[in-house]
Amino acid sequence: MRFITIFLSTLLLLPVSAAQAREISVASPDGKLQVTVFERASRPYYRVDFDGKPLLRESRLGLEFRDIPNLTETIEVAEVSRNQIESRWEQPWGEQRRIHDHHNELLVSLTRTEAPKLELNVRFRVFDDGIGFRYEMPAQRGLTRANVVGDMSEFGFADAADIEALHIDGQNRDRYELVYRSVPLESVHTAATPITFRRSDGVHASIHEAALVDWAGFTLVQRHNPKTLRAQLTPWSDGIAVKATLPFKSSWRTLQVADSAVGLLNSHLILNLNEPNQLGDVSWVNPGKYTGVWWEMHRQEYTWGSGDNHGATNERVKARIDFAADYGFDGVLVEGWNVGWDGNWIDNEGVDFSFTETYADFDMPMLSAYGAERGVKIIGHHETSGNVALYEDKLEDALDYYAGHGVEQIKTGYVAWAKGLRRVDEKGFSRYEWHDGQWSANHHLRVIKEAAERKIAINAHEPIKDTGLRRTYPNWISREGARGMEYNSVGAGAGVNPPDHDVTLVYTRMLSGPMDFTPGVFDLLYPDLDTPARVKSTLVHQLALYVVLYSPIQMVPDYRQFYERYPDAFQFIRDVPTDWEQSIALQGVMADHVVFARQERDSSDWYLGAITGNEARKLDVPLDFLDAGASYTAQIYRDGKSAHWDDAPYDYVIEEKRVDAGDVLKVRVAAGGGLAVRFIRN
Ligand code: NOJ
Ligand code: CA
């Protein structure tokens with residue numbers, strides 16, 4: 001009887017196993033994630049299972065071309081090779097010094113079954129915390145170049161569960177400077193990445209991309225199935241997405257997966273999919289804190305342009321240098337120092353920016369010497385207002401100028417509406433490009449490499465999205481790429497950031513890498529509670545942001561007088577480092593709250609930062625991240641009893657306690673509130 005059963009099932013399974021022969025699978029090192037590649041009706045597909053349950057159902061693969069057939073159909077899928085990789089590497093600076101890269105790799109070929117028999121490979125890497133795949137087109141006979149017009153990569157979520165998606169629209173006028181929305185996946189029509197998903201059973205996932213080099217960034221668009229999103233490459237102004245020379249490889253399409261929200265925050269998948277440091281010794285890239293002649297322009301009390309209220313005067317820059325020196329900050333950003341701000345600079349009407357000519361009341365040699373005397377670096381600023389063609393023409397002179405004055409860090413800016421970056425084509429005509437297209441990707445890397453040659457680090461605003469290239473080019477020190485503090489200023493026409501904005505960033509934009517958010521405004525209401533321009537948070541929330549929103553450079557933007565009004569709270573900003581030995585997201589709920597612990601680099605001190613969104617919440621935080629057996633002095637900055645972002649943002653308490661790894665910190669955090677703690681090892 002037993003024999004018969006086995007015999008029967010073998011017979012029944014025969015047709016299935018023939019089909020399975022074309023299924024090629026690869027699992028994560030812990031076996032929880034599994035990717036399966038297969039073909040159906042001569043089309044290539046993949047699907048993903050997590051914890052034995054479908055996460056992505058069959059989702060299409062392939063690229064579309066202009067002059068050759070699409071490699072999306074009439075395809076045969078075959079396994080090419082497999083690999084297992086485990087390595088450990090170190091970041092020169094970062095949120096985590098040591099990073100573990102452990103993954104299984106599968107390379108498959110997609111070959112056209114009809115002439116021309118072209119071949120495209122797809123490389124999958126499966127980690128415990130997610131997957132990455134990219135297209136690789138090997139050199140093949142008769143083909144040297146290819147114009148890619150589309151990416152067929154789909155992310156088709158399995159139907160079983162309800163899925164909530166936290167995201168902003170793709171290809172929006174304001175680029176990435178939008179307010180994040182949480183909606184059912186079926187209501188996402190377009191999305192920029194990272195976009196983050198929460199399944200009703202608690203599984204979390206996020207789609208993004210890694211190592212965007214000489215390729216077009218993608219956004220996501222909904223397909224015929226409302227739970228399926230498809231990659232949409234950002235085209236050049238002539239409609240082609242990627243102008244590629246064979247052999248080529250795309251950026252990695254990534255799907256981070258975890259069974260909790262904090263699992264996503266503790267993932268290093270994006271960095272692991274980037275190439276190692278190509279710059280060698282980068283000891284000249286310095287994390288740190290900086291102030292600047294900046295917030296005063298956003299408060300509209302001073303101007304970038306010349307005139308009676310010009311911000312970047314010798315006197316005001318010196319005062320900022322004194323402020324930095326007196327409180328131990330490293331740099332002073334100066335905006336509005338160069339000719340070109342008078343007139344409608346945003347629309348490039350009137351004069352062009354000069355990157356070497358200063359306004360008359362700004363004396364670069366004197367100020368850099370004054371800064372040097374006081375141990376403070378001037379931080380440079382290159383606003384392009386989207387005229388990238390001009391910036392590229394002047395780039396070498398612009399960087400040489402700053403290098404000649406001892407500047408080690410430059411903030412760049414690409415203020416322009418989406419598809420507003422000016423390029424000059426071969427015929428000399430102006431064309432306008434997206435911030436995330438292939439041309440922009442190449443522009444950013446050109447700036448990074450030219451800057452590296454002069455030992456200058458770059459902090460780009462209105463940038464291309466972060467895809468982890470700081471690993472390969474560690475002088476790409478930070479960037480903006482979301483609504484930062486500037487949206488809470490008088491000048492922000494589009495409305496201030498809502499109280500839960502910062503915590504939504506944690507679960508979306510911050511998954512891609514450091515952000516120059518510029519936290520730490522102390523004058524939260526200017527001039528009073530009823531003004532539309534205000535910061536919708538408590539004061540302690542501002543402190544906590546230095547721990548929560550990771551960046552190796554953090555600004556201290558507000559006026560000296562406002563910090564000196566609350567010197568006890570200001571102490572936290574003076575103490576908090578910007579470079580970490582390790583970071584752990586301890587607790588959190590997507591778009592609601594988060595708790596991070598980070599250990600200072602080369603120190604035994606730990607810092608803790610927590611923020612909430614719209615709701616107050618009681619936190620119980622076990623301190624088991626501290627060294628067992630050691631005792632610490634905890635300097636606790638917390639919201640007071642009546643604190644609320646709306647009507648009592650200044651209600652805060654500072655207290656000191658002795659704690660150890662066995663303790664649980666119990667704290668109430670207000671709506672729009674925060675918690676900031678320094679643990680000093682005794
Ligand atoms: C937008 C940037 O994000 C902001 O920081 C800067 O001050 C202005 N552009 C002017 O360059
Ligand atoms: Ca901006």
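A cavity is a set of points, on a 1 Å grid over the protein atoms alone, where a 1.4 Å probe fits but cannot get out; a pocket is an open set with protein on both sides within 12 Å along at least five of seven lines, and lining residues have an atom within 4 Å of a point. The model shown is predicted: local features need pLDDT of at least 70, side-chain atom pairs count only at pLDDT 80 or more, and totals for chains, interfaces and linings use all residues. Residues are numbered from 1 along each chain as its sequence is written, chains are lettered from A and ligands numbered from 1 in the order in which they are written, and side-chain values use heavy atoms, with hydrogens and water left out.

**View 1. The second largest cavity and its lining.** Gln171, Arg175, Tyr176, Trp434 and Asp436 lie nearest the centre of this cavity, which has 15 lining residues. Its space is about 150 Å³, where a volume is the space filled by probe spheres set on grid points joined across faces, edges and corners. The lining is made up of five nonpolar, six polar and four charged residues (Ala, Val, Leu, Ile, Met, Phe, Trp, Tyr, Cys and Pro count as nonpolar, Asp, Glu, Lys and Arg as charged, and the others, Gly among them, as polar). Domain 1 (12-272) and domain 2 (288-481) each supply at least three of the lining residues; domain bounds come from an automatic or database domain assignment.

View 2. Of its 24 lining residues, Glu95, Leu265, Ser267, Met510 and Leu511 lie nearest the centre. Two or more lining residues come from each of α2 (261-265), α3 (269-272), β31 (580-589) and β32 (593-600); helices (H or I, at least four residues) and strands (E, at least two) are DSSP runs, numbered from the N terminus. Strand β31 gives the largest share, three residues. Because domain 1 (12-272) and domain 3 (511-519 + 540-682) both give residues to the lining, the largest cavity lies between them.

**View 3. The second largest pocket.** This pocket has a volume of about 360 Å³. Its lining has 22 residues, with Ala211, Val213, Asp214, Lys249 and Ser250 nearest the centre. Strands β19 (242-245) and β20 (248-249) are the elements that give two or more residues to this lining. By class, the lining has 10 nonpolar, seven polar and five charged residues.

**View 4. Ligand 1 and its surroundings.** Thirteen residues surround ligand 1, and the closest are His298, Glu335, Glu383, Lys411 and His461 (near means that a heavy atom of the residue lies within 4 Å). A polar side-chain atom of His461 is 2.7 Å from an oxygen atom of ligand 1. For the side chain of His298, the distance from an N or O atom to a ligand oxygen is 2.9 Å, and for His381 it is 3.4 Å; a polar contact is a pair of N or O atoms within 3.5 Å. Taken alone, ligand 1 exposes 290 Å², of which the protein buries 95%, by the Shrake-Rupley method with a 1.4 Å probe.

View 5. Most residues other than glycine have a negative phi, and most peptide bonds are trans. Ser42, in the loop between β2 (33-40) and β3 (43-50), has a positive phi of about 65°. The peptide bond from Thr193 to Pro194 is cis, with omega near 0°. Leu246 and Pro247 are also joined by a cis peptide bond, with omega about -5°, and Pro247 lies in the loop between β19 and β20.

Definitions and conventions:
A polar contact is a pair of N or O atoms within 3.5 Å; within protein, one must be able to donate a hydrogen and the other to accept it, and residues adjacent in sequence count only if both atoms are side-chain atoms.
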